[in-house]
Amino acid sequence: MAENNQQDLFKTIVQKADIVEVASHYLKLTKKGNNYTALCPFHNDKSLGSFYINQEKQIFKCFSCGMAGNALNFIKEIENISWKEAAVKLCEVAGIDEPELRNSIVTKTVSEDIKQIYDCLQALSDFYVLSLKQSEDGAEALEYLHKRGLSDEN
Ligand code: ZN
């Protein structure tokens, strides 16, 4: 559910952004026919001819390193940041001045971050329970806890 919302938000932003405008913040673009070309920022590119941006389809592709995607992928890869950070950054770079949209990105995706932290804590706590019950040190600790009046249920 949350993921669908997030996907929808990302889609909305990508639709509002122009990949040529976004890429021009980072690269020197040269018009070539219906496409734009530049030195590929994702591999050690020496000459034009590999990296293309198709404005009509709103995608980029590098025929040398295989990197491809839309404006959001582009920002995420070139800035090396998370999807959420990339979405916020894309609003900035593309000049999408919609505070509501920006807020939705921050609030709707924050729950995903919290879930990840929770999963991590849960895994850590499972680990402690396991090591208490299974290891020799654990047996000692368990005995200590029993003396303190704690049962296995705790
Ligand atoms: Zn490349």
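Modeller: Let's start with one definition: helices are DSSP runs of H or I with at least four residues, strands are runs of E with at least two, and both are numbered from the N terminus. Please keep in mind that this is a predicted model.

Colleague: Thanks! With that in hand, what pattern does the protein follow along the sequence?

Modeller: Reading along the sequence gives α-α-β-β-β-β-β-α-α-α-α. The secondary structure comes to 6 helices and 5 strands.

Colleague: I also see a zinc ion. Which residues are its protein donors?

Modeller: Cys40 and His43 are donors through SG and ND1, and Cys62 and Cys65 each give their SG atom. These donors lie 2.0 to 2.3 Å from the zinc ion. Their spacing in sequence is C-x2-H-x18-C-x2-C. Within that pattern, His43 and Cys62 link distant parts of the chain, 19 residues apart. His43 sits in the loop between strand S2 (35–38) and strand S3 (51–54), and Cys62 in strand S4 (residues 59–62).

Colleague: How do I read the geometry of such a site? What arrangement do the 4 donor atoms make around the zinc ion?

Modeller: The general idea is that four tetrahedral donors have ideal angles of 109.5 degrees at the metal. Here the 4 donor atoms subtend angles of 102 to 117 degrees, so the arrangement is tetrahedral.

Colleague: Is Cys62 buried or exposed?

Modeller: Cys62 is buried, because its relative accessibility is 0% and buried means under 20%. Cys40, at 5%, is buried too. His43 has a relative accessible area of 25% and is partly exposed.

Colleague: With cysteines about, I would like to check for disulfides. How many does a search of the whole structure find?

Modeller: A disulfide is, in general, a covalent bond between the sulfur atoms of two cysteines. The search of this structure finds 0 disulfides.

Colleague: Let's move on to charges. How many salt bridges are there?

Modeller: To read one, look for a side-chain nitrogen of Lys or Arg within 4 Å of a carboxyl oxygen of Asp or Glu. By this rule there are 4 salt bridges. One of them joins the side chains of Lys16 and Glu98, at 3.0 Å from N to O. Lys16 belongs to helix H1 (residues 2–16) and Glu98 to the loop between helix H4 (83–94) and helix H5 (99–134), so this pair ties together parts that are 82 residues apart in sequence. Lys16 is partly exposed at 42% relative accessible area, and Glu98 is partly exposed at 33%.

Colleague: Which residues does Glu92 form salt bridges with?

Modeller: One partner is Lys89, with the closest N and O atoms 3.9 Å apart. Both residues lie in helix H4, 3 residues apart, about one turn of the helix. Another partner is Arg102, again with 3.9 Å from N to O. Glu92 is in helix H4 and Arg102 in helix H5, so the pair ties together parts that are 10 residues apart in sequence. Shared partners join Glu79, Lys89, Glu92 and Arg102 into one network. Among its members, Glu92 is partly exposed at 49%, as are Lys89 at 25% and Arg102 at 36%.

Conventions. Residues numbered from 1 in each chain as written. Predicted model: local features only at pLDDT ≥ 70, side-chain atom pairs only at ≥ 80, totals over all residues. Heavy atoms only, no water. Donors = N, O, S within 2.8 Å, 3.2 Å for Na, K, Ca; no water. Tetrahedral: all angles 85-135°; square planar, octahedral: opposite > 155°, others 65-115°. Buried < 20%, exposed > 50% of the residue type's maximum accessible area, 1.4 Å probe, protein only. Disulfide = S-S within 2.5 Å.
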